[in-house]
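Here is a friendly note to go with the structure you are about to open. Please keep the sequence and the model side by side while you read.

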Amino acid sequence: MKNKFYLIFLLFTQYIYSQISFGNEQTIDQVETGFVHVHSGDLDGDGDEDVISILWSRLTWYENDGDGNFINSFIIEENQGNHQSIFVIDLDGDGDLDILTEANVEDTNDQVVWYKNDGTGHFSSKIIITDQINTGHCVYAADLDNDGDNDVLSASVYDDKIAWYANDGNGNFGMQQVISSTTDGASSVYAADLDADGDLDIIAAGAWDNTLAWFENLDGQGTFGQKNVITYSDTIQFAYTADLDNDGDQDIYFSAMGSNKIAWVQNDGNGNFSSQFLIDYETNATDVYARDFDNDGDLDIVSTADNGTLSWFENNGSGEFGEQIIISNVNNRSVYSSDINGDGKLDILTASFYEGRISWYENLGYLGIDDFYFTDFSIYPNPTKGLLTIQSKEKIKEIEIFNFLGQKLLNIYNSNKADVSNLNNGTYFIRFKDMKGNVGTEKIMKK
């Protein structure tokens, strides 16, 4: 019996080591309804990740104090047209992050616009790149003509148009150059080198013709070839690229609301793609993003759904994804990732349309019995019948109690004591953070 118990204990311990966990939702902003997109970047040049959101016709950014506390918010512009997507990038070559979006203006032509940053988070009024679109849904920026600056791409729904705009390096943009006008319900546009020839090709999706396609950059100067259909999926929302199978080329992954799924297609390195690999079925899948959340050298997936969940899926390194791990049951429209609290781990940002929230979830990292970030503390009594006390030099900011499956059971703030008397007898993990951000984890026994 003793050996059997030890084996079970070892298996549970290995399970804990193989999982990372995310903290509870931390709300940055809340209204009645209406957030559609979220992004982040160091907008004020102070070295941390600020957050920017779209609420109907309002663009707002939130100042980060470096620890994930958002101390101020600033409206960039409002009532200048509804927006659907944001991209943060340097468009005028001055070293700070500008904002690119679209403005869908009632009773007039819709626009692709940008806002110039002075380097401290003060932005100009909108600068119109084009007014030759109808209902923009996605914008992106990258160097399409190999001249060293960031050009702009747009996808617009009601004119079925994928187009680009050449940058002169100072944020002055040329006339619209149409890549495709037959991408029915154009919903997504992105750029990456798909055929390994050193220039950026275009990935585009049509929500109404259900196509995922790519266009080859023929000369490296922004002359694009014919539409190459990769696959079909009902109502594709967004498509991006990443090397999901660690073979050195850019694969494509996407969210499809009508198909209720997130999936990916494998690139052979020359722009030839496989059939779809399903990551998961997600009701009304809205957005998806790939980053290395568990720091194991491959790219994992996080996804959102309007009528579903915020979830992440661990990559085994070859593009095979593990079971769905639900972070939150809040319905979300948009997802992004960056290190919000400056602890070296990638956190998650979300925008919820129906709940009207901009939120972030802390990446807590691995939960293991030897996972110590600092050692100058003690926990007593351990084992305990009820009340645990943490003794450390700094004041304790937060205490969390987990079971062996990595499920959070208790959360205590601004106290160095944790009452576990209501927990069943057994082994648990306690994780705590002090006011300086130091983190410690220890195994505890409840008797």
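**Notes on the model**

1. Strand S7 (residues 86-89) and S8 pair in the antiparallel sense, over 4 bridges. Strands here are DSSP runs (E, at least two residues), numbered from the N terminus, and two of them pair if DSSP finds at least two bridges between them.

2. Before going further, a word on what you are looking at. This is a predicted model, in which local features need pLDDT of at least 70 and side-chain atom pairs count only at pLDDT 80 or more, while totals for chains, interfaces and linings use all residues. Residues are numbered from 1 along each chain as its sequence is written, and side-chain values use heavy atoms, with hydrogens and water left out.

3. How confident is the predictor? The mean pLDDT of the protein is 90, and 92% of its residues reach 70 or more; pLDDT is the predictor's confidence in each residue, from 0 to 100. Over residues 1-18, however, the pLDDT is below 50, and this stretch has 22 contacts in the model beyond near neighbours in sequence. Contact means heavy atoms within 4.5 Å. Where pLDDT is low, the predicted coordinates should not be read in detail.

4. Back to S8: is this strand buried or exposed? In S8 (residues 98-103), 6 of the 6 residues are buried, so the strand is largely enclosed by the rest of the structure. Buried means under 20% relative accessible area, exposed over 50%, and partly exposed in between (1.4 Å probe, protein chains only). In a regular strand the side chains alternate between the two faces of the sheet.

5. Look for glutamate 102, whose bridge partner in S9 is valine 112.

6. An open sheet of 4 strands runs in the order S3-S4-S5-S6, with antiparallel pairing. Strand S3 (35-41) and strand S6 (70-78) are at its edges with a single partner strand each, so one side of each has no neighbour in the sheet. On average, neighbouring strands of this sheet are turned by 20° against each other, direction ignored. S3 and strand S4 (residues 50-55) are joined by 6 bridges in the antiparallel sense, and histidine 39 stands opposite isoleucine 52 in S4.

7. Serine 53 is worth a click while you are in S4, the strand in which it lies. Serine 53 is buried, with a relative accessible area of 1%. Its side chain makes a polar contact of 3.1 Å with that of tyrosine 62. Such a contact is a pair of N or O atoms within 3.5 Å; within protein, one must be able to donate a hydrogen and the other to accept it, and residues adjacent in sequence count only if both atoms are side-chain atoms. Leaving aside neighbours within four places in sequence, the contacts of serine 53 include Phe35, Ile86 and Ile358.

8. Another open sheet of 4 strands has the order S2-S29-S28-S27, again with antiparallel pairing. Its edge strands are S2 (26-30) and S27 (334-338), each pairing on one side only. Between S28 (residues 347-352) and S29 (residues 357-361) there are 5 bridges, and leucine 349 stands opposite tryptophan 360 in S29.

9. Finally, the aromatic rings. Rings of Phe, Tyr and Trp (its six-membered ring) pair if their centres lie within 6.5 Å; planes under 30 degrees apart count as stacked, over 60 as edge-to-face and the rest as tilted. The count by this rule comes to 15 aromatic pairs. Phenylalanine 87 and tyrosine 140 have ring centres 4.7 Å apart and planes at 50°, so the pair is tilted. Phenylalanine 87 lies in S7 and tyrosine 140 in strand S11 (residues 136-142), so this pair ties together parts that are 53 residues apart in sequence. Ring pairs link Phe87, Tyr140, Tyr190, Phe238, Tyr240 and Tyr253 into a cluster.

Terms used: Axes are lines fitted to C-alpha atoms, for helices over the stretch in contact, and angles run from 0 to 180 degrees between N-to-C directions.
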